[in-house]
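User: Could you walk me through this structure and tell me what stands behind each label you use?

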Amino acid sequence: MNVPDNLKYTETHEWIRLEGDAGIVGITDHAQNELTDIVYVDPPKVGAKVTAGQPAAVVESVKAASDIYSPVDGEVIEVNAALAADPALVNTSPFADGWLFKVRLTDPSQVGALKSPEDYRTQIG
Amino acid sequence: MPEIIRRTALFDLQKSQGARCIKFGDWEMPVQFTSILDEHQAVRTSCGVFDISHMGEIFVSGPQAMRWLQHMLANDLAKCAVGDAQYTFLLNERGGVIDDLIVYRLAEDNFLLLVNAAKIEEDAAWLDGHREEGVTIDDRSETMGAIAVQGPEAPRIFRELFGGEIPSRNKALALHRCSAMVIAATTGYTGEAGFELFFPTSLAADLWQSAINAGAKPCGLGARDTLRLEMCYPLNGSDLSPDRTPLEAGLGIFVALDKPDFIGRDALLAQRERGVPAKLAALRMTEKSPPPRAHYPVLADGKRVGETTSGALAPSLGEGVALAYLPPDLAKPGQSLTIDIRGRNFAAVVEKKPLYRPSLWLPA
């Protein structure tokens with residue numbers, strides 16, 4: 001299972017990549033592999049406030065809808081428009097083209113408390 | 001109370017082939033092997049194989065079998081000659097559906113009833129409770145397995161497995177394989193060309209693997225559901241229930257109201273007289289939306305008029321589809337409605353069934 005070393009992770013299988021005071025958020029390879037067949041993404045609205053550990057988006061597979069939790073507190077500044085036409089990008093490219101939303105962090109130090117790649121690899125076994 | 005987990009004879013082999021399993025009633029069954037969308041696509045364009053060993057096989061035989069089954073089942077068995085298969089219902093006294101099933105006439109006095117997995121015990125008890133002299137009921141569900149091979153390539157696979165040409169639709173015949181008897185039937189739950197095989201469980205692995213070797217892709221219950229939903233085939237327990245009649249479900253052509261006597265007849269005649277209180281309509285989403293699923297409210301002019309009984313993203317259509325019982329005047333093709341999907345309303349329209357027409361499809 002792919003677990004890139006330049007990201008931080010949550011217990012609920014989201015990843016975040018810092019770019020200055022903004023973070024790009026998506027779901028992990030492990031998560032997309034569990035879901036398979038993603039057919040719809042319900043992103044947060046640009047401008048919406050998100051809270052660490054609270055649902056921010058919904059990703060739907062053929063069989064079920066899954067909540068996606070924000071790893072950090074902040075404000076949504078961009079969502080991945082490509083997912084409207086091609087939700088399967090989350091399956092085929094979970095760490096790159098399948099990113100979900102970008103958030104301006106209220107408190108960038110929150111990222112330090114998230115899981116390291118080693119800890120996440122241990123979690124998913 | 002210990003949890004019951006039932007598995008078919010193919011479980012271990014399927015796990016080794018990558019099956020991801022879920023609980024389906026008492027059963028632990030593959031929901032997918034690779035991807036539901038890929039498996040669905042395989043059935044529509046080449047061939048897929050499904051394990052349906054969890055379903056029930058109840059044999060009814062004897063000198064009174066034909067007359068008795070005419071009383072127990074809703075469709076007209078006089079139209080079911082030896083070698084034919086017929087879709088029919090076990091109805092309760094109110095005309096509600098206990099189970100929908102296929103009856104295969106194997107001989108003048110020998111019938112195989114293929115029933116839903118979740119209803120095997122109930123169907124067997126119902127039949128047994130009504131049994132008469134001259135009727136033998138033999139529930140062989142525990143000792144038999146079954147697979148379904150479905151798709152445009154299925155006729156070629158039939159030829160490779162058995163050497164002869166596949167019969168036309170809705171037929172059944174007995175064949176031999178490894179000196180055991182296999183019942184082959186040209187029926188299915190996908191709308192595509194294909195066949196179903198019923199056999200002693202000892203043959204399960206051989207037949208499953210032979211179908212795969214001939215080119216059939218292993219498919220699970222996930223694709224089975226999206227395929228049948230596109231065809232608007234009902235699922236008992238979701239779209240059919242003891243409180244809904246086949247007339248409400250739009251399946252009146254499978255009920256022979258001119259038969260002199262069968263369980264549920266009087267209730268259905270009365271309902272036909274009064275008019276049905278609701279009709280099972282097929283809905284297609286007309287704007288981009290999350291997939292509709294079961295138990296979502298359906299609204300007309302902002303007022304709730306019903307609830308979906310089934311729903312999914314239809315892979316062959318690229319849109320969401322659903323079934324719902326609606327007031328008859330709203331169940332007409334062209335009727336605009338909305339479906340409340342987790343708190344937001346999305347536009348849908350009632351359409352004629354089936355929602356999807358396979359290229360090789362011929363009317364049943």
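Analyst: Happy to! In S3 of chain A, Gly23(A) is the bridge partner of Leu18(A). Keep in mind that this is a predicted model.

User: What makes strand S2 and strand S3 of chain A a pair?

Analyst: Two strands count as paired once DSSP finds at least two bridges between them. Strand S2 (residues 14-19) and strand S3 (residues 22-27) of chain A are joined by six bridges, in the antiparallel sense, so by the cut-off of at least two bridges they pair.

User: Why are S1 and S5 of chain A said to stand at the edges?

Analyst: They belong to an open sheet of six strands in chain A, ordered S1-S2-S3-S9-S8-S5 with antiparallel pairing. Strand S1 (8-9) and strand S5 (49-50) of chain A each have a single partner strand, so one side of each has no neighbour in the sheet.

User: How do you know that S6 and S7 of chain A pair, and what joins them?

Analyst: Strand S6 (residues 55-61) and strand S7 (residues 65-69) of chain A share five bridges in the antiparallel sense, and the criterion is at least two. Val58(A) faces Asp67(A) in S7(A). The link from S6(A) to S7(A) is a hairpin through three residues.

User: Over to chain B: which strands close into a barrel?

Analyst: Six strands of chain B do, in the order S14-S17-S16-S15-S18-S19, with antiparallel pairing. On average, neighbouring strands of this sheet are turned by 45 degrees against each other, direction ignored.

User: How do you know that S15 and S18 of chain B pair?

Analyst: Strand S15 (residues 297-300) and strand S18 (residues 336-341) of chain B have two bridges in the antiparallel sense. In S18(B), Thr338(B) is the bridge partner of Leu299(B).

User: What lies across S16 and S17 of chain B?

Analyst: Helix H7 (residues 221-230) of chain B lies across strand S16 (303-314) and strand S17 (319-326) of chain B, and runs at about 125 degrees to S16(B).

User: Why do the buried residues of H4 in chain B line one face of the helix?

Analyst: A residue is called buried if 20 or more other C-beta atoms lie within 10 Å of its own. In helix H4 (residues 120-129) of chain B, the buried residues are Ile120(B), Asp123(B) and Leu127(B). Seen down the axis of H4(B), they fall within an arc of 70 degrees, so they line one face. The face turned away from the buried side carries the exposed residues Glu121(B), Ala125(B), Asp128(B) and Gly129(B). Among the elements covering the buried residues of H4(B) are helix H3 (65-72) and strand S6 (97-107) of chain B.

User: How is chain B divided, and what touches what?

Analyst: Chain B has domain 1 (11-54 + 142-230) and domain 2 (278-351). Their C-alpha centres lie 31 Å apart, and eight residues of domain 1 are in contact with seven residues of domain 2. H2 and H7 of chain B are the elements giving two or more residues to the domain 1 side. By class, that side has two nonpolar, three polar and three charged residues.

User: And how many residues make the contact between the chains?

Analyst: Chain B gives 11 residues and chain A gives nine residues. Strand S2 (27-32), helix H2 (36-45), H7 and S16 of chain B each supply at least two residues of the chain B side. That side has seven nonpolar, four polar and no charged residues.

Definitions and conventions. Residues are numbered from 1 along each chain as its sequence is written. Chains are lettered from A and ligands numbered from 1 in the order in which they are written. This is a predicted model: local features need pLDDT of at least 70, side-chain atom pairs count only at pLDDT 80 or more; totals for chains, interfaces and linings use all residues. Helices (H or I, at least four residues) and strands (E, at least two) are DSSP runs, numbered from the N terminus. Axes are lines fitted to C-alpha atoms, for helices over the stretch in contact, and angles run from 0 to 180 degrees between N-to-C directions. Two residues are in contact if their C-beta atoms, placed from the backbone, lie within 7 Å. Ala, Val, Leu, Ile, Met, Phe, Trp, Tyr, Cys and Pro count as nonpolar, Asp, Glu, Lys and Arg as charged, and the others, Gly among them, as polar. Domain bounds come from an automatic or database domain assignment. A residue is buried if 20 or more other C-beta atoms lie within 10 Å of its own, exposed if 12 or fewer, and partly exposed in between; C-beta atoms are placed from the backbone. The arc is that of the directions from the helix axis to the C-beta atoms.
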